[in-house]
Amino acid sequence: METNRRRFLSLLAAGYLLPATRVLASGTTPGQTDAGLLVSAASDRRQHWLLATDAEGQTQLRYPLPERAHHVELHPQQPWAAAVARRPGRFIEIVDYHSGQQVKRVDAGEGHHFFGHALFTPDGLWLVSTENDIASGQGQIVIRDVSNHFVEASRTPSYGIGPHELLLNGNQVLVANGGILTHPDHGREKLNLDSMQPSLAYIDLKSGDLLEQVGMSADNHQLSIRHMDQSAAGTVAIALQYQGSISDNKPLVAVHRRGEPLKLLRAPDPINNQMEQYAGSARIDRSGRIAAISAPRGNLITFWDIEQDRFINAMRCRDGCGLAATDQAGEFLVSSGLGHLYRMRPLDNLRERLPLDPIAAQLAWDNHMNLCLG
């Protein structure tokens, strides 16, 4: 592992984590791209799947998974989709979505499990995941070498409990520490709701040092930070999940900018109540101004102006959770657990159901969706 860590640090120092443009993958015919490809974990009553559809709603891949997955990440150069096991699962299934063949099944290793999220660095050389050290209950950020059979290269603390979604910004990683302690022996039971301390941590990938960390006030410590997205300007939009009394009426969205405290945003009371204390996913549009925050339990997609930190509006979507920003400003795609796909534009109140073939339409799409823009 030390050799792999030295290689990782040397490439990092040389600047090899710079943004990369998605290129045609091997096996792609001239003039063909994967633009418009949608990928998501999905399930039916008998099997969990990795699903990929094209821009016309035609299924391109339905690959069986060993267990339920949560987030699916696309490799920036290869035609690979990485399906990450739902907490407390132990696998990341990496699949070539052109051939439909397994590239690698990554195992979390003895004493660890995944938290549902991982990403590739923009150069495609490293796979970065949030994980749990089961013995200590502490979160970790783990980096694996893609070109060397995904062997572990680096492991650093996430500086919190229950790290979930993570984002890369240059040589820094931003981690949503949900604050909820779990243990595989207890399934998905939450073991520390009275003492949980969610946080947002900015970590230096090279040194593992904590650069900045913000958390909730004492009276809001049960607002779990789980999902987020970051604009090019550095504003982070955050979807929150409340773990306290069902009679409480807490805000379920937050924004953060470096050097400032977390700022909670509240929807109008009828909308906030309908969200049922659970925001599922967060995505920012191409312009960097509008954030979509899903509330699947409330059958709502909410929209926010993150330049002015205000609620815009909400649109109905039964069990809608997966979000993807298109290449058009102010536009999002939304998937649901009922096998539906929508296009939504909050500024002109467009809500359009998109066609799906019978294979994709019969599956319950999972919490997150990824769109390849080519």
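Reply: Start with Glu-331, which is buried, with a relative accessible area of 4%. Keep in mind that this is a predicted model.

Me: Which side chain does Glu-331 meet in a salt bridge?

Reply: That of Arg-343, with 3.6 Å from N to O. Glu-331 sits in the loop between β24 and β25 (332–336), and Arg-343 is in strand β26 (residues 341–345). The pair is 12 residues apart and links distant parts of the chain.

Me: Is Arg-343 buried or partly exposed?

Reply: Arg-343 is partly exposed, as its relative accessible area is 24%. The cut-off for buried is under 20%.

Me: Which residues are in a network with these two, Glu-331 and Arg-343?

Reply: Arg-345, Asp-348 and Glu-352 join Glu-331 and Arg-343 in one network, through salt bridges that share partners.

Me: Why would such side chains pair?

Reply: Side chains of opposite charge can pair when their charged atoms come close.

Me: How many salt bridges does the count come to?

Reply: The count is 16 salt bridges. One of them is between the side chains of Glu-165 and Arg-283, at 3.2 Å from N to O. Glu-165 belongs to strand β12 (residues 163–169) and Arg-283 to strand β20 (residues 282–284), so this pair ties together parts 118 residues apart in sequence.

Me: Are Glu-165 and Arg-283 buried or exposed?

Reply: Both Glu-165 and Arg-283 are buried.

Me: OK, what about Asp-305?

Reply: The Asp-305 side chain forms a salt bridge with that of Arg-289, at 3.0 Å from N to O. Asp-305 is in strand β22 (residues 300–305) and Arg-289 is in the loop between β20 and β21 (290–295), so the pair ties together parts 16 residues apart in sequence. Asp-305 is buried, at 0% relative accessible area, whereas Arg-289 is partly exposed, at 27%.

Me: Change of topic. Which residues form the positive surface patch?

Reply: Arg-316, Arg-318, Arg-351 and Arg-353 form it. Of these, Arg-318 is in the loop between β23 (310–316) and β24 (320–325).

Me: Last one: where is Gln-277?

Reply: Gln-277 is in the loop between α2 (269–274) and β20. Its relative accessibility is 16%, so Gln-277 counts as buried.

Me: What lies 3.0 Å from a polar atom of the Gln-277 side chain?

Reply: The backbone oxygen of Asp-248.

Methods. Residues numbered from 1 in each chain as written. Predicted model: local features only at pLDDT ≥ 70, side-chain atom pairs only at ≥ 80, totals over all residues. Heavy atoms only, no water. Patch = residues over 30% accessible without salt bridge, like charges linked within 9 Å, V, L, I, M, F, W, Y side chains within 5 Å. Areas by Shrake-Rupley, 256 points an atom, 1.4 Å probe, with all protein chains shown as cover. Salt bridge = Lys/Arg side-chain N within 4 Å of Asp/Glu carboxyl O. Lys, Arg positive; Asp, Glu negative; His and termini not counted. Charge placed at Lys NZ, Arg CZ, Asp CG, Glu CD. Helix = DSSP H or I, 4+ residues; strand = E, 2+ residues; numbered from the N terminus. Buried < 20%, exposed > 50% of the residue type's maximum accessible area, 1.4 Å probe, protein only. Polar contact = N/O pair within 3.5 Å; in protein donor to acceptor, adjacent residues only side chain to side chain.
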